[in-house]
Amino acid sequence: QALLVESGGGLVQAGGSLRLSCAASVNIFGINAMAWYRQIPGKQRELVATIQSGDRSNYVDSVKGRFFISRDNAKNAVYLQMYSLKPEDTAVYYCNAFPDPFRINGRDYWGQGTQVTVSS
């Protein structure tokens, strides 16, 4: 069973919306902060949004006011609601713990991610 499973991505026109989901197979209640990241091929993974256990959230400037992160500890899930999508939001989106990702066998663990493609 995968530790993190991201879903909800797809192809959307500029100005559209998507809601990403992340299902964790571990109890995230004890995880102080969870986050969404994104990565464009050939570029480093970028932190997009974080949410702490008290639901305090932070966002990279480029998505402020358009993306909203939430978590449901009872369901071990993290969500990213995205509005007013832009072509530059196109990337593979991942969720993980923050600031340090989950580790398995001494290596950082990343799920398969979910592709978001925004057409102009």
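Two strands pair if DSSP finds at least two bridges between them. Strands (E, at least two residues) are DSSP runs, numbered from the N terminus. In this predicted model, β9 and β12 pair in the antiparallel sense over 3 bridges. A91 stands opposite V116 in β12.

The model is predicted: local features need pLDDT of at least 70, side-chain atom pairs count only at pLDDT 80 or more, and totals for chains, interfaces and linings use all residues. Residues are numbered from 1 along each chain as its sequence is written, and side-chain values use heavy atoms, with hydrogens and water left out.

**The sheet**

An open sheet is formed by 6 strands. Their order is β2-β12-β9-β4-β5-β6, with mixed pairing. From one strand to the next, the twist averages 25 degrees; axes here are lines fitted to C-alpha atoms, and angles run from 0 to 180 degrees between N-to-C directions.

**The core**

A nonpolar core is a set of buried Ala, Val, Leu, Ile, Met, Phe, Trp, Tyr and Cys residues joined through side-chain atoms within 4.5 Å. Buried means under 20% relative accessible area, exposed over 50%, partly exposed in between (1.4 Å probe, protein chains only). The largest such core has 29 residues. L4, W36, F67, I69, L80, M82 and Y93 touch the most other members. Elements giving two or more residues to this core include β3 (18-24), β4 (33-39), β9 (91-98) and β12 (114-119).

Which residues does Y93 contact beyond its neighbours within four places in sequence? Among them are E6, L20, W36, F67, L80, M82 and V116. Contact means heavy atoms within 4.5 Å.

A disulfide is a pair of cysteine sulfur atoms within 2.5 Å. The count comes to 1. C22 and C95 form the disulfide, with sulfur atoms 1.7 Å apart. The pair links distant parts of the chain: C22 lies in strand β3 and C95 in strand β9, 73 residues apart.

N96 is also found in strand β9. Relative accessible areas follow.

| Residue | Relative accessible area | State |
|---|---|---|
| C22 | 2% | buried |
| C95 | 0% | buried |
| N96 | 0% | buried |

A polar atom of the N96 side chain lies 2.7 Å from the backbone oxygen of Y109. Not counting residues up to four places away in sequence, N96 touches L4, M34, A35, Y37, P101, F102, Y109 and W110.

How values were computed: Helix = DSSP H or I, 4+ residues; strand = E, 2+ residues; numbered from the N terminus. Polar contact = N/O pair within 3.5 Å; in protein donor to acceptor, adjacent residues only side chain to side chain.
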